[in-house]
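Visitor: Could you take me through this structure feature by feature, giving the general idea before each case?
Guide: Gladly; let us look at it together.

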Amino acid sequence: MDSPTPSPDSTPKSIFERFASSVTKATGSSVAFIIAFLTVIVWAVTGPLFHYSETWQLVINTGTTIVTFLMVFLIQKA
């Protein structure tokens with residue numbers, strides 16, 4: 001009699017895998033989308049205040065680059 005092969009879902013998950021799954025689920029939520037959308041709106045509204053400077057542009061570019069870079073690894077792991 002053969003013993004059943006454990007399914008991939010039954011193997012214990014590492015701390016990072018559990019973290020990645022939780023973060024992926026949270027960032028895919030409506031609340032996360034609204035926060036991201038409001039962040040972009042606030043950034044856009046502050047454009048005239050900062051005279052559309054290079055630093056003002058750099059803030060959103062750097063922020064989105066960092067978030068994208070980290071999310072790629074989290075989504076791949078999840």
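**Reading the model**

Guide: Over residues 31-50 the chain is 75% helix and 0% strand, with the end C-alpha atoms 28 Å apart; helices (H or I, at least four residues) and strands (E, at least two) are DSSP runs, numbered from the N terminus. This is a predicted model, in which local features need pLDDT of at least 70, side-chain atom pairs count only at pLDDT 80 or more, and totals for chains, interfaces and linings use all residues. Residues are numbered from 1 along each chain as its sequence is written, and side-chain values use heavy atoms, with hydrogens and water left out.

Visitor: How many aromatic pairs does a search of the whole structure find?
Guide: A pair of aromatic rings is described by the distance of the centres and the angle of the planes. Rings of Phe, Tyr and Trp (its six-membered ring) pair if their centres lie within 6.5 Å, and planes under 30 degrees apart count as stacked, over 60 as edge-to-face and the rest as tilted. The search finds five pairs, among them Tyr52 and Trp56, which are edge-to-face at 5.2 Å centre to centre with 90° between the planes. Phe69 and Phe73 also form an edge-to-face pair, at 5.1 Å and 75°, and both lie in helix H3 (residues 54-77), four residues apart, about one turn of the helix. Trp43, Tyr52 and Trp56 form one aromatic cluster.

Visitor: Is Trp56 buried or exposed?
Guide: Buried means under 20% relative accessible area, exposed over 50%, and partly exposed in between (1.4 Å probe, protein chains only). Trp56 is buried because its relative accessibility is 10%, whereas Tyr52 is partly exposed at 48% and Phe69 is exposed at 51%.

Visitor: Where is Ser29 found, and what does its side chain reach at 3.2 Å?
Guide: Ser29 sits in the loop between helix H1 (15-27) and helix H2 (30-45), and is partly exposed at 27% relative accessibility. Its side chain reaches the backbone nitrogen of Ala32 at 3.2 Å, while a polar atom of that Ser29 side chain lies 2.6 Å from the backbone oxygen of Ala26.

Key. A polar contact is a pair of N or O atoms within 3.5 Å; within protein, one must be able to donate a hydrogen and the other to accept it, and residues adjacent in sequence count only if both atoms are side-chain atoms.
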